[in-house]
Amino acid sequence: MSSFLKFLVSSGDASSSRRHKHPYYPREVVVPNYAPNTYTLPMVLGAFGGATALLMVGTVAIGKKVNKQLTWKDAGVLAWFTLCGFLHCFFEGYYVLNHATIAGKQDIFAQLWKEYALSDSRYMTSDPFMLCIETLTVLTWGPLSFLTVFAIIKGNTSLRHITQTIVSVGHLYGVALYFGTCFFQEKFRGISYSRPETLYYWVYYAGMNAPWVIVPAILLFQSSKTISQGLSVLNKVKSMKGGSSSTSGSGSSSSIYSGKAESIRSFDGSSESKSSNSSSSSSSRKADKESKREPSRDSRDGGERRRDRVSEQAAYFRDEGRPESIAESKYEIWEENRADAREQLRKKRTTGRRE
């Protein structure tokens, strides 16, 4: 009887070992249809890394050609978001579509996932958290990363910093959840999803996820600083506009019309000087016939009447409290005086020719 029980236990252990024959931790986790990789690790990493590097370099070259003002600092950000967009949409998108059968596939993406899963076996078991976080990444952070690439190439600073901020916050939030779930599972339940070797825990698990903590933090600081500076400039412009609009009725418009009023005052002197110069030149030509002429009584009376009319209208509008109307009325009077002065000058020239 005891020998029969030993046989059952041993047979059960053998079937269990055959069922869980995989390199992942914890050892009792079930990985359906697992098949070992057929390519060596250098071949898989070399092919994937070469394709990724070629995509990043090509995108930077296109960005430099399209946007001549693209700095090398912005080119580095461009390469980063190109990498993010490619990994999120294609590499992680492959996982979302093939999570149930990925353990038995042998294409390059499947073999990469099986290699990385040595640091986190949840990728081989269709873990609900991994499916949710990866689906969110594929549908949001991937397209937004490519939109950021487009904004950087086109030089659209406002769109670039908006999408850069959103994606960076999403990266930090996702990595915090990723590390947090692993930490609490190991801390409170004693479950470790990573193999204990240095390569798998420190290089794969910690090292490969560290850039999605460091780089988004730097980019978030950069975008926050740029947006803060832009808002401060906008507030200054608004304050300046508010101050100018509050004094526009008595400041800007009055200064505009005061220029017209100044031209009115200057016109009186200039017209008088022109008339006097013309009369003096005509009198010098006719010095042998007659002496200098004095303005006629009619012209003196007309000038006095015009000056009286200007002063009366200015006083009336000043009492009414309408400075703009004063200037406009003066400008109209200036136009009338100008026409009268031209008519007087024409009459003087006509009488001079007749004489």
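**Briefing: helices, a pocket and loop features**

Over residues 201-221 the chain is 86% helix and 0% strand, with the end C-alpha atoms 29 Å apart; helices (H or I, at least four residues) and strands (E, at least two) are DSSP runs, numbered from the N terminus. The model is predicted: local features need pLDDT of at least 70, side-chain atom pairs count only at pLDDT 80 or more, and totals for chains, interfaces and linings use all residues. Residues are numbered from 1 along each chain as its sequence is written, and side-chain values use heavy atoms, with hydrogens and water left out.

**Annotated spans**
- The unreviewed UniProt entry annotates residues 39-63, 75-97, 128-153, 165-181 and 201-221 as "transmembrane region"; such annotations may be inferred rather than shown by experiment.
- Residues 75-97 are 100% helix and 0% strand, and their end C-alpha atoms lie 32 Å apart.

**Packing of α3 and α5**
- The axes of α3 and α5 lie 8 Å apart, at an angle of about 150° (axes are lines fitted to C-alpha atoms, for helices over the stretch in contact, and angles run from 0 to 180 degrees between N-to-C directions).
- The two helices, α3 and α5, are therefore roughly antiparallel, a term for angles over 145 degrees.
- Residues in the contact of α3 with α5 comprise 18 nonpolar, nine polar and three charged; Ala, Val, Leu, Ile, Met, Phe, Trp, Tyr, Cys and Pro count as nonpolar, Asp, Glu, Lys and Arg as charged, and the others, Gly among them, as polar.

**Second largest pocket**
- The second largest pocket holds about 800 Å³ of space (on a 1 Å grid over the protein atoms alone, a pocket is an open set of points where a 1.4 Å probe fits, with protein on both sides within 12 Å along at least five of seven lines; a volume is the space filled by probe spheres set on the points).
- Its lining has 28 residues, each with an atom within 4 Å of a point; L87, E92, M208, N209 and W212 lie nearest the centre of the pocket.
- This lining is made up of 18 nonpolar, seven polar and three charged residues.
- At least two lining residues come from each of α2 (41-66), α3 (72-98), α4 (108-116), α5 (128-154) and α6 (157-188), and α6 gives the most, with six.

**Loop between α1 and α2**
- P26 lies in this loop and is joined to Y25 by a cis peptide bond, with omega about -5°.
- N33 is also found in the loop between α1 and α2; although not a glycine, N33 has a positive phi of about 55°.

Definitions and conventions. Angles under 35 degrees count as roughly parallel, over 145 as roughly antiparallel, 65 to 115 as roughly perpendicular and the rest as oblique.
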